[in-house]
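Reader: I am new to this structure. Please take a close look at the metal site and its surroundings.

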Amino acid sequence: MKILTFDIEEWFHILDNKKTKTISEWSNFDSRIHFGMDLIYDIIQKTEKSATFFVVGWMAEKYPEIIREISDRGFELGSHTHLHQLAYEQDRKTFYNDVEKSIKTLEDCTGVKVTSFRAPGFSITENNKWAFEVLHELGITKDSSVFPAGRAHGGLPSYNVAIPSIIEYNGIKLKEFPINTHTILGKPFMFSGGGYFRLLPYKTIENWTNQSNYVMTYFHPRDFDIDQPIVPGLSLPRRFKSYVGIKNCKPKLERWLNDFDFIDLNQADQEINWNHVPKIKL
Ligand SMILES: [Zn+2]
């Protein structure tokens, strides 16, 4: 099973960077989201795929027409929080209010209930597992926030399972769609989204995909936007990671989507026999 998802945010929604952290910094930058959405629709149309869109609620507030178009085209909308902050930097109440606001904003745009979620930067970690409980309280049933390896920000290496599974935490249950990994000598490698996908040669991605029963993707409009400005304040390694391979990313993704079957999160949810997936007690 291979699942296509996009995180809908601006080119300047770069995490853990002083110059792009909050709304007051965001007001310094011009929007490129309409252009970015056109690139994504072009990919989807050319490859005849469906996808799930995790949207930053702030975007829905500013550009409700974008949200309505995603819904009118028949695609599922999920929440990517309201203000795109690292969840592990928030206390429980702040996280609750932020996710609640994003869900309400999205639902106001379309009238469709939001039941899917992804945390910015996969920022549910060992220290804020209560976030799963909050998601459950807010009516989220499908989560895709688990990155089962270490990373610069976020990551839950102890999760240890890189396939659809059920999270059990404090009496609640949540369907989890983690990011998949490819294991080499016991070490997990990512390849199905963002900088990893942009950096790796297509042959490697093709080989690793052939060896995977489950792939969970995550792409952003900025992964395909050749003309976007460089955000200020990034260190050299982060600058490399943020912009490597953008030029070829769109044709590369189109090739990948043509070479393999991809479905959206709702279809994946229906196809999975949830009685037979691993149960992960956190
Ligand atoms: Zn994001």
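Author: Glu9 counts as buried, at 1% relative accessibility. Buried means under 20% relative accessible area, with a 1.4 Å probe and protein chains only. His80 is buried too, at 1% relative accessibility. This is a predicted model: local features need pLDDT of at least 70, side-chain atom pairs count only at pLDDT 80 or more, and totals for chains, interfaces and linings use all residues. Residues are numbered from 1 along each chain as its sequence is written, and side-chain values use heavy atoms, leaving out hydrogens and water.

Glu9 (OE), His80 (NE2) and His84 (NE2) coordinate the zinc ion at 2.0 to 2.1 Å. Donors here are N, O and S atoms within 2.8 Å of the metal (3.2 Å for Na, K and Ca); water is not among the atoms, so sites may look incomplete. In sequence, the donor residues follow the spacing E-x70-H-x3-H. Glu9 and His80 link distant parts of the chain, 71 residues apart. Glu9 sits in the loop between β2 (5-8) and α1 (23-26). His80 sits in the loop between β4 (76-79) and α5 (92-110). Helices (H or I, at least four residues) and strands (E, at least two) are DSSP runs, numbered from the N terminus.

His84 is among the residues lining the largest cavity, as are His13, Trp26 and Glu89. A cavity is a set of points on a 1 Å grid over the protein atoms alone where a 1.4 Å probe fits but cannot get out; lining residues have an atom within 4 Å of a point.

Notes: 1 Å grid on protein atoms, 1.4 Å probe; cavity = no way out; pocket = protein on both sides within 12 Å on 5 of 7 lines; lining within 4 Å. Buried < 20%, exposed > 50% of the residue type's maximum accessible area, 1.4 Å probe, protein only.
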